[in-house]
Amino acid sequence: MSEISAARKTKIFISYSRKDKLFVRKLNAAFDTVDIDAWVDWEGIPLSADWMAEISAAIQGSDAFVFIISPDSLKSQVCKNELELGLKNNKKIIPVLYREPEKRKRMHPKLSSTNWVYMRPRKDDFKATIPKLVSAIQTDLGWVQQHTRILERATEWERKNKSNSYLLQGEDLEDGEKWMTESTQHSNREVVPLQAEYISTSRKYAVQRQRNFTIGIGLVLAVSILLGIFAVTQWRSAVESRKAAEVSAAAAAASEKLALEQKALAEEKEALAVTEQNEARAQRSAAQAGIYKERPSELDTSTLLALDALDRLSSTSKVVEAEDIVRHNLSLMPIPVKQVEHAGRIWNLHVSKDGQYFVSSSTDHTACIWTIQGEKVLCVQHDSDVTDAFLSNDNSVLVSAGLDGMVRLWDVKNGSPLEVFDFESDVLDIDLSPNGELVAVGRKDGFVSILNIDIRQNVYNYNFAKGPVSVVRFHPNGEWLAVGTKTGGARIWKVFTGLLLPGPTHKAEIFNMEFSPDGKLLGSASEDSTARVLRAETGRQTILSQHPDWVEDIAFSPDSSWFVTVSDDKIVRVLNSSTGIEKIRMQHGSFVQRVKISPNGEWILTTGYDLTARLWDSQSGTLMFEAALDGIGSALLFSPDGTKIIVGDRDGNITIWDISLLKARVGYINFTEFINKAKFDPAGQWMLVNTDDKILWQIPASQLTTLHDGTQGINILSFDELTAQMKVSPDSKWVAISENSEVSNSRAILYNLETKVLHSLPHSSDISGLAISADGKFLATTNEGNTIVYIWDIESGQQLNALQFNEVAFTSSYSPKDPILAIGFADKTILWDTNTNTEIAALRQVGSIRSLTFNLEGNWLATTSSNGSIYVWDMNKKDYSQPTYQFLQEGRITSLDFDSKMGWLASASADGYVYLWDLNTGEEVARIPHGDLVSGINFSPDGNLLSSVSRKTLQIWDVNLLVTTTKEKLKETACSRLIRNFSKSQWIFFFQEEEYRLICPNLPQP
């Protein structure tokens, strides 16, 4: 069990009161330096089922439970509940006294009876006590880590309905029994009942398997013995008779043959046992991959586990599960370009004006210039942390500043120093004026200095007398400078003058300040848990945004209409610059530290303590990419062309990712209300969109990639009620729309886009399906709870027929080439001959068939059911006993459409994805994330564009730019999104004694 201790980091759970947050931050940082992984609930999770699940999982996965004793933690019900969970799971409890309890305050007996670790402020030496605390945590660590591992596996076994495939086997089982036996020899070692049951059941199952095997072998041996006796008898008789000797010889030969068969049987059983063990390991990898894909910063781990499962599995259902996990992860993983390193934390990253280079500054006392592809150009040295550095506008001069009090100018060509300015005070921040001539210097002594790069002189010093200057930012016109301090004071200063405008008034340190690109606004983020926005020309505050925790950073959109804040409450907020009203919010797994907005304003990049960099759609908040980091994210950068993101972390790593996959989205259009459907007209001249503002909008095709405000489209028609379904006639003249009502006034509306004629078709309940015939003459409608399919004449709006069935009809679709109306029911789709009004065939499929569609040529029919299955039927074969393809996806399927040009079927899902299926191979080839229910999809008539609808945003995708991955290339593609394989310690954690191997052969082993 000592090997387990060396295999992975020690994991602990810290329970504390939120009022002791600063101390716990300091303690957590100390644990990081000694390679202990602490789980800390920084935000505070509400008491709920989610709380129980998340906290329980964290405590179960920890090796020790650290309780921070203070008057507030002893009063906290949350802390009490966490302690009870720790005790329930038999975790090692380590009390740390931070603040003395109130006199006569009763505490849990376990806390009062266990030796405390003293870490009181101004009484105990924090640094000297850390080794004692670490020693307490790591005492008996091998047994404790085995306790954690077996508890996690036992919990997973229980969660999987105690499936035998999750039981311990082989050496794992022997180790578990040895571990449980050792627990009886020490009073402080306790086994959870679930662990005992798990190990006992594993042994019973192993014994049963061995017994079955032994019985089989025994029967074979018994037969062999009998035949042997027979052979001996015959041999004796051979003395008297030659014939008997021949019989005996034959019996001996039979015995030998049986022995060989017995050996082969044993070998076959041994091979079967190996296969079963491998299958069990594969299923475990697939299950773990599913768990890890939901954890922050663990997409890489999830992907490697899923790939391991695919390597081991042959033809089980777990293959589908593992492949689905890989495809899910691929949809969220950018392409790594390169990783470079400093020896310490990355403070800042800046891109050169021409976009060819970026500059990094680090605590390792260096600043470095890199090409945008990650090749090192130059590194320069200071005597202390380099807090900031950037290139002059012509890339000829590198400016660097540090805590050694120096600002240095360097010749980029040869790396030689040009000038040194010694301010004899830490330089906390610098900024370059827009024209590249001036450098503003923020100093710890409260001064701001102005340097002129061209003449290499310090041309101005100004004493703000407001505390250490932590932030300096030039106005876009270069004439004004925003100045923020560690005490919360701020001013807007007209450079080279004594003119000052009031700045944001904060009660604690200002972390960052930014002018909006149009120069009209100034935003600030502060430790006092607020973000503030001022009018830059007057200093008048217009927005005060309160947050539950520190606001770490702020950034404005390129058009200045919105801004983003990130906070220690884990939330990324997008707010309107005029009103301060929150538009959307996104969430990390822990403190969010930095934010950047892409040059085109479409994407928001954030990073922080959860070891991820996340790329969000700025319009919908959809998570587009998630990149795993080795350390806490500390600096961010977009390349000027928006195709790359660059992320620095506190461990000194700088990683470059390619996000050019997002180029496939060529347009987005926002509406003020929810969008129901969006349809291209068959001629490809425009798109119709019906929204919950009860309006039918028309967007010209020429504006689909340039228009972003949908309300600037053409208002075609207004409604009295909310609309839902929509279909356009093949000649582009008519549109059919369902209008649903809560007072039994539901109806279908037929509207002629040329003549403005409108027909109202009343129904007794909400309409569930609309279908227009290939000749544009007929409309078929179905409505909720009704067994009738109504047929209407489009020109007159008159009902022509009512097809009566014995069960509810959910939806329908006309074939483009045959006189067929496909109608969806429960567990089947009926093909109805529209000429003879008779049933042609019933296509069987489990579930309610609520969405179905033909391709333009009428060769394929796709049907979906409520169980998430998609069946694709070949209409040319006339054999409807089995579908040609069966696809399965997560979530309710809301919409289908075919692209005849690519040979694809697209399906929209309630799980927030658009799936693309290749009808040439019967495989999924791409998955497009949307972050929320996708209510509609539609291919353009030429097959070049795909529209998707989610909430209030219509997105347009260039089909030719979408990146597809076949099953054959799935592993290769997945490995191309990873940076490295499992380390050996990770391998031991997941696979114990199994021989190490590289899951991705072309990637390095850490």
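Colleague: Of contacts between residues at least 6 apart in sequence, what share joins residues at least 24 apart?
Modeller: That share is 48% in the protein chain. Keep in mind that this is a predicted model.

Colleague: How many helices and strands are there?
Modeller: The chain has 15 helices and 63 strands.

Colleague: And what percentage of the residues is buried?
Modeller: Buried residues make up 57% of the 1006.

Colleague: Let's look at the open sheet. In what order do its five strands come?
Modeller: The order is S2-S1-S3-S4-S5, with parallel pairing. S2 (36–40) and S5 (117–118) are at the edges. Each has a single partner strand, so one side of each has no neighbour in the sheet.

Colleague: What holds paired strands together in general?
Modeller: Strands of a sheet pair through backbone hydrogen bonds.

Colleague: How many bridges join S1 to S3?
Modeller: Four bridges link S1 (residues 10–15) with S3 (residues 64–69). Isoleucine 12 sits opposite alanine 64 in S3.

Colleague: Which strands does helix H2 touch?
Modeller: H2 (residues 21–33) packs on the sheet and touches S1, S2, S3 and S4. Its direction makes about 155° with that of S2. Helix H5 (residues 77–88) packs on the sheet too, touching S1, S3 and S4.

Colleague: New topic. Which residues make the nonpolar surface patch of about 240 Å²?
Modeller: Ile455, Val459 and Phe496.

Colleague: Where is isoleucine 455?
Modeller: Isoleucine 455 lies in the loop between strands S17 (447–452) and S18 (457–463).

Methods:
Residues are numbered from 1 along each chain as its sequence is written. This is a predicted model: local features need pLDDT of at least 70, side-chain atom pairs count only at pLDDT 80 or more; totals for chains, interfaces and linings use all residues. Side-chain values use heavy atoms; hydrogens and water are left out. Patches are made of residues with over 30% relative accessible area and no salt bridge: like charges are joined within 9 Å, nonpolar side chains (Val, Leu, Ile, Met, Phe, Trp, Tyr) within 5 Å. Accessible areas come from the Shrake-Rupley method with a 1.4 Å probe; for residues, only the protein chains shown count as cover. A salt bridge is a side-chain nitrogen of Lys or Arg within 4 Å of a carboxyl oxygen of Asp or Glu. Helices (H or I, at least four residues) and strands (E, at least two) are DSSP runs, numbered from the N terminus. Two strands pair if DSSP finds at least two bridges between them. Contact means heavy atoms within 4.5 Å. Axes are lines fitted to C-alpha atoms, for helices over the stretch in contact, and angles run from 0 to 180 degrees between N-to-C directions. Buried means under 20% relative accessible area, exposed over 50%, partly exposed in between (1.4 Å probe, protein chains only).
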